[in-house]
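These are my notebook entries on a structure I opened today. I wanted to see how the chain is built, and then to look up a few residues one by one.

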Amino acid sequence: MSPEQAQVSAIDIDTRSDIYSLGVLLYELLTGRTPFDAAELLKVGIDEMRRHIREVDPPRPSTRLSTMKGEALDATAQRREVASPKLLNLIRGDLDWIVMRCLEKDRARRYETANGLAADLMRHMHHEPVSASPPSQWYRLTKLVRRNKLLFAAGAAVASALVLGVVVSTWQAVRASRAERIARTEATRADGEAAISRAVNEFLVNDLLKQADSRAQADAKTAPNPDLKVREALDRAGEKVGERFKDQPLTEAAVRDAIGSAYTGIGDYAKASLHHERTLQLRERILGAEQPSTVSALNNLATAYWHQGKYSEAAAIYARTAEIRKRVLGLEHPDTLKSMFDLASAIHYQRKYVEAEALCKTTLELQKRVLGAEHPDTLMSMNNLAEHYHSLAKYDEAARIRSQTFEIRKRVLGSEHPDTLMSMSNLAGSYYAQGNFAEAAALRSQTIEIRKRVLGAEHPETLYTMNNLAGTYIAQGKFVEAAALQFQTLEIRKRVLGAEHPDTLTSMSNLALAYRVQGKTAEAAALNAQTLEIQKRVLGAEHPYTLTSMNNLAIAYLLQGKFAEAAALVAQTLEIMKRVLGPEHPATLTSMSDLASAYRHQGKFAEAAALNAQTLEILKRVLGPEHPNTLTSMNNLASAYRYQGKFAEAAALNAQTLEIMKRVLGAEHPNTLTSMINLASAFLSQERYTEAESLLREALVIREKKLPDEWQTFNTRNLLGGALAGQKKLTEAEPFLVSGYEGMKQREAIIPAGSKVRLKEALERLVRLYTDWSKPEKAAEWQKKLDEYNAANPSRIRSP
């Protein structure tokens, strides 16, 4: 019903009433709401309803959207296939005024015809000036008088009464003045918003998108590029912002905000941070530190820092953002909850897992209550909580939440939405942690294929999954494939992110690992050294990533047989870690274990055992007695006992470790299999051959099924032959001993330097077999191979 129809008078009804109806329809299409709340109108009765339609102006569409609660706004935006902030930006300005012109109370101010409305919509779509415009201040004031004409008439009627007339006149003047000020302020704000919106749209169209036109490129005196990429277009457009809007700081801020977000979208986070820094500077100076758009700029800057690996800087800004939003918006406002989520993520990446988990749980509970269990923000917090559980080695709990999040996202967002792909990648990570390498590899391959199609082959998230798939290949023993994929990932990251970006340096470290497992220890050490040199210069000599690289280089030395150099470097790393990260930080404890390993390879068995015992005691207290790192440390201490000849203590500790691993990780987890071999080795040292045979047969069945080509599988065969030979089952032992040795010999290049002694042990078992079997020719044949090995490897330490 139009205002003239609501008058119930003799006024004629014409096409302009239809224009009003079209305006109502357009309003509902843009906002998902009618201009007036139907339920409220029905409550007040027919007369008041008519007065409302005749005299009350509905809020502009953008105003209606901005006052919606977060969940309602997100749902409206999602149905229109656009993000909430973008929907507001699209509607604010031209579309606001086009709709409000259709809904004018004075039909003379509406479009005359539907063609006039259509023409203005076409002008908006072609980024041309529209005929609709904000109403003037005088028009607002006359509407105010018309709505209150009885009051103005009463004032005029009693004007002859001096005192009452003065009072009434003054009152009317104050009301009119206040109304005019409000109208002026609203008009100024609206004009400013509309001007900024038009300027941003014009900039994006003429300075950014138009660059796809080769003629426009030539006119701008830049080299024409018919295959211009978004990155280059943004670079060219970004150079003009400061000069073009030097007298329009808020417009410059809005444009830079859009460009910064675009850079974030394509993964160029360094350039994104430059634009977000300038946006924040401008808005803080003009609007103040707590104005919503200023806080939004603050949040965008923190996100850009986070993507660059500047986690401490990002955490400080997220904390500031969360504090402002709690105070200004309240604890349960969606924006406040988003800041709490971001802060938890930044804290997590600083390795403060327990603190991050507590904040994430609080945020998730609030989001479930305020936003709903399937809101995208709630799902992101579920994803985040699973990440914390994963870091704390609560793998089953992490996998359960990740699987649940993945299923909801597939149903709610679609199978190829970036958030759904994130859940796929994370679920694959859980499969990997649980030792299900085949399932992890399949899901990661599927994720890469979709991400290449949806995000692009060089997007950071695509590269992240490629990096993870390479790690899965290593776990599967596919070392050549792993190295090839890591090399490909590294080359793309160098080109896209830069040679010194944290992700690029991570790829360098991972490629070095791929070289190590192939036995290319010299190449691995060179790459580790190169990574370390860059990190010292870029991040600093005591940055956590730098310290990790120092440790990696020490391991490379260890695998090359440079035991003294390895021990010196890891000891230096450990001292810095204790001071910088703390004596009980997980990275510090890893260095303690690596130093113990270096001592063991130097023959310093007592020192190794003491350091292993100290590490284990801390791990039990910090991570718990059943954390995988704790269990690995128990295995390391048991090995130290064996090297000291304390076979009973070693066997007891190995048995305890194995029992926990079977329960926590599962019988087929690679760590569990390693523990089985360790216990079997302890039994062999004690000549408990029957018990060793039982364990080795169980381990061999699993290894040949899951990891048939790994050198450890052939070592298991040889150990089983030793257990059988110890029971004088010589005929049965021979094929296991021979095939076990030959399998390891074929893979000698990929056996780590510290483990090559297993070849010597295998040869010793074969010599002993044929000696006990009274086959001197065979014994001599294998003794010759053993002598050749000893001559070529005089420094190999014999394990017990």
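**Ground rules.** I number residues from 1 along each chain as its sequence is written, and I keep to heavy atoms for side-chain values, with hydrogens and water left out. The model is predicted, so local features need pLDDT of at least 70 and side-chain atom pairs count only at pLDDT 80 or more, while totals for chains, interfaces and linings use all residues.

**Confidence.** I read pLDDT as the predictor's confidence in each residue, from 0 to 100. The mean for the protein chain is 82, and 85% of its residues reach 70 or more. Where pLDDT is low, the predicted coordinates should not be read in detail.

**Overall make-up.** I counted helices (H or I, at least four residues) and strands (E, at least two) as DSSP runs, numbered from the N terminus. The protein chain comes to 41 helices and 0 strands. For accessibility I used buried for under 20% relative accessible area, exposed for over 50% and partly exposed in between, with a 1.4 Å probe and protein chains only. Of the 800 residues, 48% count as buried.

**Helices α22 and α24.** How do the axes of α22 and α24 cross, and within what distance do they come? I found that the axes of α22 (residues 376-391) and α24 (residues 418-433), as lines fitted to C-alpha atoms over the stretch in contact, come within 11 Å and cross at roughly 20°. The two therefore count as roughly parallel, a label for angles under 35 degrees. The contact residues include M380 and H390 of α22, and M422 and N426 of α24.

I then turned to R451, which is found in helix α25 (residues 437-454) and is buried, with a relative accessible area of 3%. Leaving aside neighbours within four places in sequence, R451 is in contact with L421, M422, S425, G456, E461, T462 and T465.

In helix α27 (residues 479-496) I looked up E491, which is partly exposed because its relative accessibility is 32%. L490, also found in α27, counts as buried at 3%. Beyond residues up to four places away, L490 touches T504, S507, M508 and L511. L490 and L511 are 21 residues apart in sequence and 7.9 Å apart in space, C-alpha to C-alpha.

**Positive phi.** Most residues other than glycine have a negative phi. I noted K728, whose phi is near 65°, in the loop between α38 (711-726) and α39; K728 is exposed at 58% relative accessibility. For S774, phi is near 60°, and the residue is found in the loop between α40 (757-772) and α41 (776-792). S774 is exposed, with a relative accessible area of 62%.

Methods: Axes are lines fitted to C-alpha atoms, for helices over the stretch in contact, and angles run from 0 to 180 degrees between N-to-C directions. Angles under 35 degrees count as roughly parallel, over 145 as roughly antiparallel, 65 to 115 as roughly perpendicular and the rest as oblique. Contact means heavy atoms within 4.5 Å.
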